[in-house]
Amino acid sequence: MNMVEIKAKFHVTWPGFSLDVDLALPGRGVTALFGHSGSGKTTLLRCIAGLERTPHGRMSINGDVWQREDFWLPTHKRPLAYVFQEASLFPHLSVMGNLRYGMRRIAGNHKFSLEQAIELLGIGHLLERKPDRLSGGERQRVAIARALAVNPRLLLMDEPLAALDLKRKQEILPYLERLHDELEIPVLYVSHSPDEVARLADYIVAMEDGRAVAQGPLLETLARLDLPFQLGEDAGVVLDAVVAERDSEWHLARVDFNGGSLWTRDQGLETGRRVRVRVLARDVSLSTQEQENTSIQNILPGRVDAIADDHHPGLALVRVYVGSSALVARMTQRAVAVLGVTPGQMVWLQVKSVALME
Amino acid sequence: MHLSDSDLQAIWLTIRLASIVTLILLLVGTPIAWWLARTKAWWKGPIGAVVALPLVLPPSVLGFYLLLGMGPNGPVGHLTEALGIGLLPFTFWGLVVASVFYSLPFMVQPLQSAFESIGERPLEVAATLRASPLDAFFTVVVPLAWPGFLSASILTFAHTVGEFGVVLMIGGNIPGETRVASVQIYDHVEALEYMQAHNLSAVMLVFSFVVLLTIYVWRPARRAA
């Protein structure tokens, strides 16, 4: 499965900020570096890229050393690609010129061709344009294609959506999801958005004050109640699921996950399609008896696993296993006491809404 | 309007001097400007001030020191004599050396601000796209800074054409060798040849106006791009 293939160890101090991490990350899939602004996630990415001089750092991928105490590979010799927060296209070159800039500087066989990159990001109709004739979303897509065209062994993405408005984000996310499905190289994805992380990441590293405070596979990590960082209103789990049935009369789709199924709005995804389902803790309530006559359609039997304090003293998070999948419900501490919720107890979860992600 | 042969010779000499100085300064001034734009060293300040000195120093002062330095007892004079070149003062190449110093800030300062306005990011992008620093300089910095190169070159050329004090100190007044247009006008006036002085002055006036007009008209266009 996920072999440990990226090793990064940095201890650097700048005036007013220090980075102190020692990470072993999977060599496949998308790893999210998640944290608030100022937590050091971008700095970590820049260290990995060699854009920051870090004399005592160590960085290797697949056993290839990029730097250690007595060795330093400059950025332009590291087989990586970097997508910056602002697209940072070269304004003096056309889209095609930008795409070719990195590609013509690499030798050897190209696993990922320029045509593939252009096709994957849907920018075939923009090739002759200059960057100032592109929208923000188009620019970022070109920047991503430009990065892919150098056939990197590691793709670094620094909040590629942060500078875009909601509409542009929605425009790019499907492309990023395709990348997630089709890329074989590891991706380090810096983000402060729980939604992006839930959609794209397989593995998560939570950063705070220049340190990695929690890390692990995304699905497991989000179901932890003892996370040393607070997701607040965004607390919730992500489930791997499959579209199992579509109900054309009510425009609903049923998705099956390991242990149960959920009905959700039909978003036009064909049956058999693998999806991710995000269930926020605030959308899950709990009852000790099966409810009838309720508008909530998704009622799942489960067993209470653990109870923990939430970010507000009046609130609690309760983890419930439905089959082998963990869901987290948010309720008041009073509800926990009145219902007498205890670990091991059988309960019914009422799931008010779920978000389907391709 | 009539220009005498010696006027034409002076104009030709002036153009030759200004062209050579501009070329040399493109080669010398670019690395200095690049370094000034990017360094965080504490001596950036002192070096920047030295580069800017010709802006405030009377040309005669600069010319005086250069005369001493390149003269038979100066360090540069020793060097050029040892190399078999002879002494530079009162030669065309002495004038070139002096003009390089005199016009240095006019090349370095526009280039420095052009480089600074490009910022760090395009270079970082180029590095992540496998471009070595030198590669990135020629494929990213030069194309992005070309308006800066153009205006620095025009200013340097024009400023060298307008030189007078340094020329008198270093070059004297040797026809075809060091007698440039500005000195020629001075000679005409000294000799009370006001008509010739008028003609040559008019040429200089038109030239200067056209140069400045080019820069001013063309600047806003560069911002829009």
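## Basis of the description

Two strands count as paired if DSSP finds at least two bridges between them. Helices (H or I, at least four residues) and strands (E, at least two) are DSSP runs, numbered from the N terminus. This is a predicted model: local features need pLDDT of at least 70, side-chain atom pairs count only at pLDDT 80 or more, and totals for chains, interfaces and linings use all residues. Residues are numbered from 1 along each chain as its sequence is written, while chains are lettered from A and ligands numbered from 1 in the order in which they are written.

## The six-stranded sheet of chain A

Chain A holds an open sheet of six strands with mixed pairing. The order is β7-β8-β9-β3-β10-β11. The edges are β7 (80-83) and β11 (211-217) of chain A; each has a single partner strand, so one side of each lacks a neighbour in the sheet.

β7(A) and β8(A) run parallel and are joined by four bridges. Here Val83(A) has Met157(A) of β8(A) as its bridge partner. Four bridges also link β8(A) to β9(A) in the parallel sense, with Met157(A) opposite Tyr189(A). Strand β3 (residues 30-34) of chain A pairs with strand β9 (residues 187-191) of chain A over five bridges, again parallel. In that pair, Leu33(A) is bridged to Val190(A) of β9(A).

Strand β8 (residues 154-158) of chain A is mostly covered, with five of its five residues buried. A residue is buried if 20 or more other C-beta atoms lie within 10 Å of its own, exposed if 12 or fewer, and partly exposed in between; C-beta atoms are placed from the backbone. In a regular strand the side chains alternate between the two faces of the sheet. Both faces of β8(A) are covered. Leu154(A), Leu156(A) and Asp158(A) are buried on one side. Leu155(A) and Met157(A) are buried on the other.

## Strand β17 and its two partners

Strand β17 (residues 298-309) of chain A pairs with two strands named here. Strand β20 (residues 346-351) of chain A pairs with β17(A) in the antiparallel sense over six bridges. Ile299(A) stands opposite Gln350(A) of β20(A).

Strand β18 (residues 315-322) of chain A is also antiparallel to β17(A), over six bridges. Asp309(A) has Ala316(A) of β18(A) as its bridge partner. A hairpin of five residues connects β17(A) to β18(A).

## Two domains in chain A

The domain assignment, automatic or from a database, gives chain A domain 1 (4-230) and domain 2 (236-357). Their C-alpha centres lie 32 Å apart. The contact takes nine residues from domain 1 of chain A and 14 residues from domain 2 of chain A. Residues are in contact if their C-beta atoms, placed from the backbone, lie within 7 Å.

On the domain 1 side, α6 (194-200) and α7 (218-222) of chain A are the elements that give two or more residues. The largest share, three residues, comes from α7(A). The domain 1 side has six nonpolar, one polar and two charged residues. Ala, Val, Leu, Ile, Met, Phe, Trp, Tyr, Cys and Pro count as nonpolar, Asp, Glu, Lys and Arg as charged, and the others, Gly among them, as polar.

## Chain B

Chain B has 10 helices and zero strands. Its C-alpha atoms fill a box of roughly 65 × 45 × 30 Å, taken along the principal axes. Buried residues make up 35% of its 225 residues. Among contacts in chain B with a separation of 6 or more, 72% come from residues 24 or more positions apart.

Phe138(B) lies in helix α7 (residues 133-161) of chain B. Phe138(B) counts as exposed because it has 10 C-beta neighbours inside 10 Å. The C-alpha atoms of Phe138(B) and Leu200(B) are separated by 40 Å, and the two residues are 62 residues apart along the chain.

## Where the chains meet

Contact between the chains involves 13 residues of chain B and 16 residues of chain A. On the chain B side, α6 (121-128) and α7 of chain B each supply at least two residues. α6(B) gives the largest share, six residues. The chain B side divides into eight nonpolar, two polar and three charged residues.

Note on methods
Two residues are in contact if their C-beta atoms, placed from the backbone, lie within 7 Å.
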